[in-house]
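The following note sets out a series of points on the model shown below. Please read them alongside the sequence and the coordinates.

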Amino acid sequence: QPALPVLVITGDGEQLMGRGALATIGARRPANLTIAVLDNRLYGETGMQVSHTGQGTDLAGVAAACGFAWTQRLDEASALAGLRERIHRREGPGLAVLRIAQSEPPRVMPSRDGVEIKNRFRRSLGLGTI
């Protein structure tokens with residue numbers, strides 16, 4: 001019985017930080033693995049700076065060079081149906097780069113106040129604040 005398809009969804013910034021994983025995947029060649037990279041070409045976690053993909057780094061090309069069985073770039077939502085079918089054929093490892101809009105969704109950032117961080121940690125341990 002063939003292994004179920006596995007889909008990993010990640011962002012361009014995270015994939016750029018973990019490029020070594022692509023080499024490992026290329027060496028091991030798991031047929032049921034597909035990585036979908038949501039590429040907005042920005043580092044959202046650190047303030048929306050232009051990422052390396054926004055400066056020309058081609059993650060699909062990097063994956064191909066690492067030995068991935070297939071790579072694909074998707075610029076339109078209409079291409080998702082074909083990607084879905086490809087994932088279920090388990091002909092991987094594969095990597096699909098999905099270009100998405102550059103937007104900054106609202107987010108809630110944790111406090112950076114040192115006293116509050118200390119007290120939050122103490123509360124999580126069931127201790128009183130000091």
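1. Asn119 is in contact with Thr129 and Ile130, once its neighbours within four places in sequence are left aside; contact means heavy atoms within 4.5 Å. The residue belongs to helix α5, residues 114-124. Helices (H or I, at least four residues) and strands (E, at least two) are DSSP runs, numbered from the N terminus. Asn119 counts as buried because its relative accessibility is 10%. Buried means under 20% relative accessible area, exposed over 50%, and partly exposed in between, with a 1.4 Å probe and protein chains only.

2. On provenance, this is a predicted model, in which local features need pLDDT of at least 70 and side-chain atom pairs count only at pLDDT 80 or more, whereas totals for chains, interfaces and linings use all residues. Residues are numbered from 1 along each chain as its sequence is written, and side-chain values use heavy atoms, with hydrogens and water left out.

3. The sheet is open and has four strands in the order β1-β2-β6-β5, with parallel pairing. Two strands pair if DSSP finds at least two bridges between them. The edge positions are taken by β1 (6-11) and β5 (70-74); each has a single partner strand, so one side of each lacks a neighbour in the sheet. On average, neighbouring strands of this sheet are turned by 15° against each other, direction ignored. For this and other angles, axes are lines fitted to C-alpha atoms, for helices over the stretch in contact, and angles run from 0 to 180 degrees between N-to-C directions.

4. The pairings may be taken in sheet order. Six bridges connect β1 with β2 in the parallel sense, and Val8 stands opposite Ile35 in β2. Strand β2 also runs parallel to β6, to which six bridges join it; here Leu38 has Leu98 of β6 as its bridge partner. Between β5 and β6 (residues 94-99) there are five bridges, again in the parallel sense, and Arg73 stands opposite Val97 in β6.

5. How much of β2 is covered? Six of the seven residues of β2 are buried, which leaves the strand mostly covered. Helix α4 (residues 80-89) lies across β1, β2 (33-39), β5 and β6, and runs at about 160° to β5.

6. Most residues other than glycine have a negative phi, and most peptide bonds are trans. The peptide bond from Gly92 to Pro93 is cis, with omega near 10°, and Pro93 lies in the loop between α4 and β6. Arg29 has a positive phi, near 55°, and is found in the loop between α2 (19-28) and β2. Arg41 also has a positive phi, near 65°, and is located in the loop between β2 and β3 (42-43).

7. Are these two arginines buried or exposed? Arg29 counts as partly exposed because its relative accessibility is 41%. Arg41 is buried, since its relative accessible area is 14%.

8. The largest pocket holds about 340 Å³ of space. The search used a 1 Å grid over the protein atoms alone: a pocket is an open set of points where a 1.4 Å probe fits, with protein on both sides within 12 Å along at least five of seven lines, and lining residues have an atom within 4 Å of a point. Grid points are joined across faces, edges and corners, and the volume is the space filled by probe spheres set on the points.

9. There are 16 lining residues in the largest pocket, and Asn40, Leu42, Tyr43, Gly44 and Glu45 lie nearest its centre. The elements giving two or more residues to this lining are α1 (12-17) and β3, and α1 provides the largest share, three residues. By class, the lining comprises six nonpolar, six polar and four charged residues. Ala, Val, Leu, Ile, Met, Phe, Trp, Tyr, Cys and Pro count as nonpolar, Asp, Glu, Lys and Arg as charged, and the others, Gly among them, as polar.

10. Two C-alpha separations complete the note. Arg28, in helix α2, is exposed because its relative accessible area is 70%. Arg28 and Leu38 are ten residues apart in sequence and 23 Å apart in space. Arg107 is found in the loop between β6 and α5 and is partly exposed, with a relative accessible area of 41%. From Arg107 to Gly18 the separation is 89 residues in sequence and 24 Å in space.
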